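This report describes a single protein chain.

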Amino acid sequence: MCTIKPNFFGRIAWFFDIFMWPIRNTKKYAKAILSTANLKHLERKDKRILDIGGGTGSIAKHFIPYAKQIAVLDPSKEMLKQIKHSEIEKIQGMVQETKFKRNHFDLIYCVDSFHHFTNGHTRIDYDKTTKRAITNILSALKKEGVLVII
């Protein structure tokens, strides 16, 4: 299994969205997440949403009209700097090491980043690291909340 070298995403942050645009339709991902989540009363703008590994916020920006809080968690400071929407909270860190309020988010989603959770960890620690990530995600999710992993 290949792991991403440290700061790989930091080095490509400045052109990530331009490079990925032709192959990564972020609006389509957002619609799929909303459809899967089946959140009620989106017009209320009362949802708390977390994008895990959301980098530049290219998917998160589509949730601004529905969110009381929208946060992007990403380990790359440079990727987070690319987020231009002030409504999006930027959190630098790894999901397995970040503590969130319990039962806080209505929707947590992870697009194309779940396989990066073990980056920087030895193979022997993969199971423990993945379990810790999933535990943190589930504890941050409200009881009636929705988790979407793509």
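The protein chain averages a pLDDT of 80, and 74% of the residues score at least 70; pLDDT is the predictor's confidence in each residue, from 0 to 100. This is a predicted model, in which local features need pLDDT of at least 70 and side-chain atom pairs count only at pLDDT 80 or more, while totals for chains, interfaces and linings use all residues. Residues are numbered from 1 along each chain as its sequence is written, and side-chain values use heavy atoms, with hydrogens and water left out. Among the elements of the protein chain, strand β3 (residues 88-92) has the highest mean pLDDT, 96, and helix α2 (residues 16-20) has the lowest, 56.

**Overall make-up**

The secondary structure consists of 5 helices and 5 strands. Helices (H or I, at least four residues) and strands (E, at least two) are DSSP runs, numbered from the N terminus. From that end on, the elements of the protein chain follow the order α-α-α-β-β-α-β-β-α-β.

Of the 150 residues of the protein chain, 46% count as buried. Buried means under 20% relative accessible area, exposed over 50%, and partly exposed in between (1.4 Å probe, protein chains only). The accessible surface of the protein chain comes to about 9000 Å², and 56% of this surface belongs to carbon and sulfur atoms. Accessible areas come from the Shrake-Rupley method with a 1.4 Å probe; for residues, only the protein chains shown count as cover. Of the contacts in the protein chain with a separation of 6 or more, 60% are between residues 24 or more positions apart, where contact means heavy atoms within 4.5 Å.

**Nonpolar cores**

In soluble globular proteins, nonpolar side chains tend to be buried together. A nonpolar core is a set of buried Ala, Val, Leu, Ile, Met, Phe, Trp, Tyr and Cys residues joined through side-chain atoms within 4.5 Å. The largest nonpolar core here has 21 residues, and I33, F63, I70, L107 and Y109 are those with the most contacts inside it. Two or more residues of this core are given by each of α3 (26-37), β2, β4 and β5 (141-149). Helix α3 gives the most to this core, with 4 residues.

Leaving aside neighbours within four places in sequence, I33 is in contact with I59, F63, L107, Y109, V111, V148 and I150. A second, separate core has 14 residues, including I52, L73, C110 and A140.

**Aromatic pairs**

How many aromatic pairs does a search of the whole structure find? The search finds 2. Rings of Phe, Tyr and Trp (its six-membered ring) pair if their centres lie within 6.5 Å; planes under 30 degrees apart count as stacked, over 60 as edge-to-face and the rest as tilted.

The rings of F63 and Y109 form a tilted pair, because their planes are at 35 degrees, with the centres 5.1 Å apart. This pair links distant parts of the chain: F63 lies in the loop between β1 (47-52) and β2 (67-74), and Y109 in strand β4 (residues 105-110), 46 residues apart. F63 and Y109 are both buried.

The other pair, F100 and F105, is edge-to-face, with 5.7 Å from centre to centre and 80 degrees between the planes. Both F100 and F105 are buried.

**Salt bridges**

The structure holds 2 salt bridges, each defined as a side-chain nitrogen of Lys or Arg within 4 Å of a carboxyl oxygen of Asp or Glu.

| Salt bridge | N to O distance |
|---|---|
| K47 and D46 | 3.2 Å |
| D106 and K142 | 3.2 Å |

D106 is buried, with a relative accessible area of 12%, and K142 counts as partly exposed, at 29% relative accessibility.

**Two loop residues**

S58 is placed in the loop between β1 and β2. Is S58 buried or exposed? With a relative accessible area of 7%, S58 is buried. The C-alpha atoms of S58 and I83 are separated by 7.8 Å, while the two residues are 25 residues apart along the chain.

N103 is in the loop between β3 and β4. Although N103 is not a glycine, this residue has a positive phi of about 50 degrees. N103 counts as partly exposed, at 45% relative accessibility.
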